[in-house]
Amino acid sequence: AYIVLIIIVLLGCFKTKNIVVNIIQCFVVWTLFAFSQDEYDYTVYEREYDAVQRGFGSDYEIGYVWLNDICAALGLTYVEFRAVVGLIFCVALAIIVRKLTRHPNVVWSSFIIFSAMSDACLLRNSLAMVVGMVAILFIMRARTILDYLYAIGLVVGAALFHSAYWVLMLFIPLWYLVSKKSVVWVLAGVACIYIVCISNEELFRVYGSLLIREETIEKYMTGDYANIVGVLYDVCKYLLIISPALYYSRRLPKGDAVGMISQQESARALFDKNIVRLNIVFSIILVPQFFAVNFSRLFRMLVVFNYIFMANQIGNTRKWINPKFYSLIYACVLLLLMLFWESPTALNEVFFMHFNTNSFLNLF
């Protein structure tokens with residue numbers, strides 16, 4: 001199974017546009033949703049789905065509960081329900097990726113390494129992520145009030161599947177402010193002061209006074225990371241995450257050259273032009289990461305955006321590091337940090353459980 005996955009990942013790098021390879025990659029990610037069983041989120045979601053089938057209420061976000069209700073009413077089993085969620089996610093992500101790059105297979109190869117192998121069991125977060133990505137794309141191209149209203153509606157839609165995505169509401173005002181360089185430095189200064197303050201263990205406990213459920217606080221308090229070592233680690237991780245945007249960033253064609261390219265190419269060019277700005281805004285709005293590990297999952301969305309950006313640099317850059325290999329190395333480093341630094345027990349088990357419980361991978 002390891003060999004098969006490595007072959008699929010490498011095929012994506014050498015056959016960057018091949019539709020057959022892309023279908024295989026999407027199928028592999030879909031099987032992670034449908035057939036893998038970890039002892040953490042899988043069993044929790046299974047109990048929740050069984051309770052909904054029996055007519056009991058739920059404490060989960062209303063959008064996810066509605067999806068449970070619909071699938072339960074159709075008589076689907078829990079595994080079939082997971083297959084439906086995985087199909088929705090894979091189709092939505094495939095559409096987004098193909099809209100933004102001509103080399104989608106590189107994106108999927110990197111995504112399989114990180115974070116598909118660890119996040120496929122997170123049904124709510126996966127659904128919220130694709131909705132949140134569309135919301136951000138609307139914000140990036142917004143020209144009218146209606147565009148912003150669409151974006152707000154999509155953020156609300158994402159938050160209906162995972163409450164951490166409410167923080168994306170801050171993306172709209174910050175997207176406007178960060179376009180002014182003087183404000184960027186002010187916000188960066190505020191963020192630095194904020195980081196220094198929360199590195200103090202006592203000040204860190206202010207999180208408990210926020211309007212967050214006590215169970216959430218107990219689950220996601222970062223404990224040993226609520227100190228200057230944890231803060232420095234997170235700052236270094238942020239720099240690693242935004243490094244592709246800084247390394248490959250380039251400008252759009254000027255003048256008539258922009259008007260001559262197709263609408264889809266224009267969407268890609270607009271995305272590439274704003275990738276650094278996108279990373280900066282994310283780095284500011286996700287300061288709550290220092291309070292709750294839960295918010296760190298939103299960075300997985302930024303990572304996918306950076307995969308797409310690196311794929312767009314294939315054949316368009318004179319940088320000495322090939323974008324395809326940069327993308328794979330980037331994904332591997334993020335995976336290793338997660339497995340051996342951030343949580344070397346539970347996440348490690350979740351990552352490797354696919355090779356024990358996934359009926360598709362067990363074929364090999």
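## Handedness first

A helix crossing is called left-handed if the near helix is turned anticlockwise from the far one by less than a right angle, and right-handed if it is turned clockwise. Helices here are DSSP runs of H or I with at least four residues, strands are runs of E with at least two, and both are numbered from the N terminus. With that in hand, the crossing of α5 and α17 is right-handed, while the crossing of α1 and α6 is left-handed.

## What you're looking at

This is a predicted model, where local features need pLDDT of at least 70 and side-chain atom pairs count only at pLDDT 80 or more, while totals for chains, interfaces and linings use all residues. Residues are numbered from 1 along each chain as its sequence is written, and side-chain values use heavy atoms, with hydrogens and water left out.

The protein chain has 20 helices and zero strands. Of its 364 residues, 51% are buried (buried is under 20% relative accessible area, exposed is over 50%, and partly exposed is in between, using a 1.4 Å probe and protein chains only). Take the contacts with a separation of 6 or more: residues 24 or more positions apart account for 76% of them, a contact being heavy atoms within 4.5 Å.

## The core around Phe 271

The largest nonpolar core holds 98 residues. Such a core is a set of buried Ala, Val, Leu, Ile, Met, Phe, Trp, Tyr and Cys residues joined through side-chain atoms within 4.5 Å. Which residues have the most contacts inside it? They are Phe 271, Leu 278, Phe 282 and Phe 305.

Setting aside residues up to four places away in sequence, Phe 271 touches Leu 100, Leu 137, Met 140, Leu 278, Phe 305, Ile 308, Phe 309 and Asn 312. Helix α16 (residues 275–285) is mostly covered, with eight of its eleven residues buried. Leu 278 and Phe 282 are among those buried residues, as are Asn 279 and Ser 283.

## Two helix pairs

Two packed helices are described by the angle between their axes and the distance between the axes. The axes are lines fitted to C-alpha atoms, for helices over the stretch in contact, and the angles run from 0 to 180 degrees between N-to-C directions. For α5 (residues 78–100) and α17 (residues 298–312), the axes come within 10 Å and cross at roughly 35 degrees. Leu 93, Val 97 and Leu 100 of α5 make the contact with Val 304, Phe 305, Ile 308 and Asn 312 of α17. By class that's six nonpolar, one polar and no charged residues (nonpolar covers Ala, Val, Leu, Ile, Met, Phe, Trp, Tyr, Cys and Pro, charged covers Asp, Glu, Lys and Arg, and the others, Gly among them, are polar).

The axes of α1 (residues 2–14) and α6 (residues 104–119) come within 6 Å and cross at roughly 145 degrees. On the α1 side you'll find Leu 5, Ile 8, Val 9, Gly 12 and Cys 13, meeting Asn 105, Val 106, Ser 109, Ile 112, Ile 113 and Met 117 in α6. The class count for this contact is eight nonpolar, three polar and no charged residues.

## In and around α6

Keep an eye on the backbone here: the peptide bond from Phe 114 to Ser 115 is cis, with omega near 20 degrees. Ser 115 itself sits in α6.

Ala 120 lies in the loop between α6 and α7 (123–141). Ala 120 is buried, at a relative accessible area of 1%, and leaving aside neighbours within four places in sequence, Ala 120 is in contact with Leu 32, Phe 33 and Arg 82. Asn 22, in helix α2 (residues 19–35), also counts as buried, at 4% relative accessibility. Not counting residues up to four places away, Asn 22 touches Arg 98, Pro 104, Asn 105 and Trp 108.

## Cysteines

## Tyr 148

Tyr 148 is in helix α8 (residues 145–159) and counts as partly exposed, at 27% relative accessibility. Beyond residues up to four places away in sequence, Tyr 148 touches Ala 142 and Ile 172. Tyr 148 and Ile 172 are 24 residues apart along the chain, with their C-alpha atoms separated by 7.8 Å.
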